[in-house]
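Trainee: Before we look at the model together, could you show me how to read exposure, surface patches and contacts, one feature at a time?

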Amino acid sequence: MKPAPFSYVRPATIDEALATLAADPHAKVLAGGQSLVPLLSMRLAQPSTLVDINGLSELAFVRTDESGVRIGALARHRQVEDDGDAWRAQPLLRQALRLVAHPTIRNRGTTLGSVVHADPAAEMPAVAVLLGARVVAASVDGRREIDAADLFVGPLESALRSDELALEMVVPANPPRTGTAIDEIARRHGDFALCGVAAVVSVGENGAIETVRASYLAVAPTPHVLDLSEAFVDGTASDRNLDAAAEIASGALDPDADIHGTADYRRHLSGVLTRRVVRDAYTRATAPDAQGAR
Amino acid sequence: MTTKAFGARVARVEDERFLRGRGRYLDDLAADALHVALHRSPHAHARITDIDVEAVLDVDGVVAVYTYEDLTGAMADPLPLLIPHPDLTHGRTQYALAKDQVNYVGEAIAMVVAVDRYVAEDAAARIVVSYEFLPPVVGLDAARAADHLVHDDVPGNLAATSTQATGDAMAAISRAPHRLALDLDIERSACTPLEGRGTVAKWDTDNGRLEVWSSTQTSTGVRAAVAAKLGLDLSVVDVITPDVGGGFGVKVVHPWPEEVLVPMAAMALGRPVKFTEDRREHFISAAHERAQQQHVEVGFDDDGRILGLDVEIWHDNGAYIPYGLIVPIITTTQLLGPYKPPVYKATFHSLYTNTVIVTPYRGAGRPQGVYAMERTMDAIAAALGKDRAEVRAANFIQPDEFPYDQGLIFQDGKPLIYDSGDFPQMLDKVKALVGWDEFAAFRDEMRAEGRRVGIGLACYVEGTGVGPYEGGHIQVETTGKVKVSTGLTTQGQGHQTVFAQIVADELGVRFEDVEVVTGDTRRMPYAVGTYASRAAVMSGSAIALTARSVRRKALELAAEALEANVDDLEIRDGVVEVRGAPGAQISLGTLAVLSNPLRYAFDEASKAATQFSVGDPDKVPVPEGTSPGLESRDFYSPPRSTFASGMHAVIVETDPDTAEIRILKYAVVHDCGRLINPMIVEGQIHGGVAQGVGGALYERMVYDEHGQLLNASFMDFLMPYVTEVPETIDVDHLETPSPLNPLGIKGAGEAGVIPSAAVFASAIEDAEGIVITRMPISPSELYDLRRTHAGSDEAAVAAVEGDS
């Protein structure tokens, strides 16, 4: 359980980091290291160079304004989770981060790192797609923005090129009369989920449901977003409507079995969780949090 | 004695260093050592046709590489079969490095020695082994079918078939008014201590001595094995056990291949060599336990009293069987628990598979036996529509029936005779603790809220403190400090504390003045090891006897020095006093000085023992039959095991939607005889329950059909976190002293884990109304069971409708 040999670079500037990435197509960026280091130790990943960006303190930011939350590449999960402004602007961030592993891991792991690691069982990729987040990527050739919807190519595979460094993620603010919720079933507290669902529910001024969207993790190779609005045409979160939404989800998903759960069980959970999170998100949409989260 | 340490909740002296990170574990030793990495088989079953190590020799920092070709003398023989048994007709053990065949993924093939572990791993990965593949035998179904054989010369994959019976069980069953048959399964798990295996060896070329440090549960066992394998006299080999980060059974197996390969390399290279096992290696090359298939036939009367019991067990022993038949013997004998079926017959078949070896894991076969018996009790209760506790009570051995002879031979080769216990009282206590009689009302209350709960109960008896012996050595230093040594090892249980408690009381010294050393063959070369819940019983008793010897010696010396009668003396806080004569006293430190007649003084105190100061000039300084020094070495050897017992009850909640299983209440009543330190016993129980929760609800070894272990990491092997273990475990004690040892104690180390599979199966079955026959159980499996069950109900209804 010792990594194979690699070169280690700790750039002092973003440009230096980008130059190193450009020079070595087998280089890998090290930020929080909570996913990468175990892969290195088990020799499942054998990059030739590690580009440690922990010296780039200018990337350790969480900034919130009217339009949303910007999360820098070195912002730890814990920093995002604890940020009151970010929570008020987009409560799903904190709701989801509380399900990411354990506090000790959240203290080191970075939110953007988790997104670009593209683990289909991770919470933040599913949240990024659901919320329409964008990732700003840089290379020696310049910068580009990637919609989260285009970011996830396959399990542990993102659209980020090997010469690119993800600098920040821009997460839109929660619109008015919109509620969010996330829940998951994991074998142990903090484990990767067997199935997880995040939902965003928007209601009209009369309180009637207008749109319901849900994002599914751990039941597809990449985060899977479904529009469930059709189940709520009468605008209510009735049991019948929730059942219909659960049925849409179970029907649309084709999860794989693994050693922790059968495909049937995961599909069943996607329905159970759909009911739960849509109901919770709807409740929040109609009765906003007293402390100011939208 | 002014203070009584025995029985008190004395804080553990070990915790100071453990909690501050000052423990000294194997990998903390020998910073200058060379490191080894093993090339292990990636295949479960194959013949080796070639091993090419050429590429390794080019790697910078590689010092040596070994394959089977390099092993000579006894090293070239298979590793020992540690516990032979007449029924073990086809015992097979592995070579330290595979000779011409591999039989499980993880089997060691070559060893690289290099300047550090990084280089050693780089090099080990470059070794090229050519194989001729053989069909792997994975799981008990494949082993029993025997379409393929693990070992060519072992027909039916059968290492052993063994039967014990107290009469014609099937005849008794056929005469019984009620009969039942059950088929049960229980899966593999493993000890998974936080610290893996590890060995450091140094060859002292000047003195021709070998020093070995090993993370083991038996330093004397490792010493004997290393000496035998390397052709060394025992007297030139020392084995020392540093702090050990958990054992739970896996480290009693010896010698592990690395435990002899590392000393071999250290001798050959003349440099210290270290092996520190990593987590993946531990999963695929150490040991597992628990996998069995069980068939139970039982006959019983209207009260649920068993009239005949016949059990057949198929036990997966993995690729080799170095530890013999201990695990299935324990299963079939300890299965009986607190009950007394008048006729019992048990047969087990121990079968080879192309998977990691099976050796004792905390509980060591008992969890399986208790599972079989307690599933049977629940089935009897269900068949008769009776209360599950009542059915158990109807079968209990009564307090006035001790000693109770079950008529079988136990794992130590001695008769299975229970020494003491009180099962009816224990059942009353556990029912009160868990709220057994109030549960029906609680269930109704929960049901009204749409919640589903169930209660389970499981009882066990555990043979502990098996022989043959342990020893104690105690020396009182001239400072008055008391140095205690025992040969068995410690893995964090708190031995340093409880042994000091015993000595403090027996000798009459302050607890703080007692220092205990374990597992160092330089200090105590005669010992067996720490397993089978035996340390407190065996070494505790030996140390108590030793303390009594030292006390006698001290009183005789003091009587002479104080010109008093021995019977008038008492020892309090390390000072001998004459009862009723204030001021007439002498400290044990001074007596230690006087006990060693000197020619040369080395400090103020020692002047008192020099030739012109001491004693009667006409007397021999060290009379015949005595020895210098205030010290003694004594041994304790019991006639047979002492039997602890316990009962667990659990209330679980199962989620109607997600099939998640939550523990609402966990209650334990435990009887390990007299308690030396209730806090430590409770800690042992808490840890055992935590491991039991793992074994029942989370952990398994997932082998695919090729014999690859799919979950060889803590990411996928689901050892429970603190969040999965019940927040509170309610514990009540019962103390029925053992008549077999001087302290009246019984073992407590394994108890907490023993009834887990049984008690959770009982509770989940109760919550769901679905018969549970396979453990462990996950939410996904419970969900499947619900669907199958619902399906069979629908089918049954359809069949009835079709009839009409």
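Trainee: Is Asp52(B) buried, partly exposed or exposed?

Mentor: Bear in mind that this is a predicted model. As a general idea, a residue is called buried under 20% relative accessible area and exposed over 50%, with partly exposed in between. Asp52(B) has a relative accessible area of 33%, so Asp52(B) is partly exposed. Asp52(B) belongs to strand β2 of chain B, which covers residues 46–52.

Trainee: Which residues form the negative surface patch?

Mentor: For a patch of this kind, one looks for residues with over 30% relative accessible area and no salt bridge, where like charges are joined within 9 Å. Here the negative surface patch consists of Asp50(B), Asp52(B), Glu54(B) and Asp58(B).

Trainee: Where does Asp28(B) lie, and why does Asp28(B) count as partly exposed?

Mentor: Asp28(B) is found in chain B, in the loop between α1 (14–19) and β1 (34–40), and Asp28(B) counts as partly exposed because its relative accessibility is 48%. The C-alpha atoms of Asp28(B) and Ala372(B) are separated by 43 Å, and these residues are 344 residues apart along the chain.

Trainee: Which residues does Ser67(A) touch, not counting residues up to four places away in sequence?

Mentor: With those sequence neighbours set aside, Ser67(A) touches Val171(A), Pro172(A) and Ala173(A). Between the C-alpha atoms of Ser67(A) and Ala173(A) the separation is 5.5 Å, although the two are 106 residues apart along the chain. Ser67(A) sits in the loop between β4 (62–65) and β5 (68–72) of chain A, and its relative accessible area is 53%, so Ser67(A) is exposed.

Notes
Residues numbered from 1 in each chain as written. Chains lettered and ligands numbered in written order. Predicted model: local features only at pLDDT ≥ 70, side-chain atom pairs only at ≥ 80, totals over all residues. Heavy atoms only, no water. Patch = residues over 30% accessible without salt bridge, like charges linked within 9 Å, V, L, I, M, F, W, Y side chains within 5 Å. Areas by Shrake-Rupley, 256 points an atom, 1.4 Å probe, with all protein chains shown as cover. Salt bridge = Lys/Arg side-chain N within 4 Å of Asp/Glu carboxyl O. Lys, Arg positive; Asp, Glu negative; His and termini not counted. Charge placed at Lys NZ, Arg CZ, Asp CG, Glu CD. Helix = DSSP H or I, 4+ residues; strand = E, 2+ residues; numbered from the N terminus. Buried < 20%, exposed > 50% of the residue type's maximum accessible area, 1.4 Å probe, protein only. Contact = heavy atoms within 4.5 Å.
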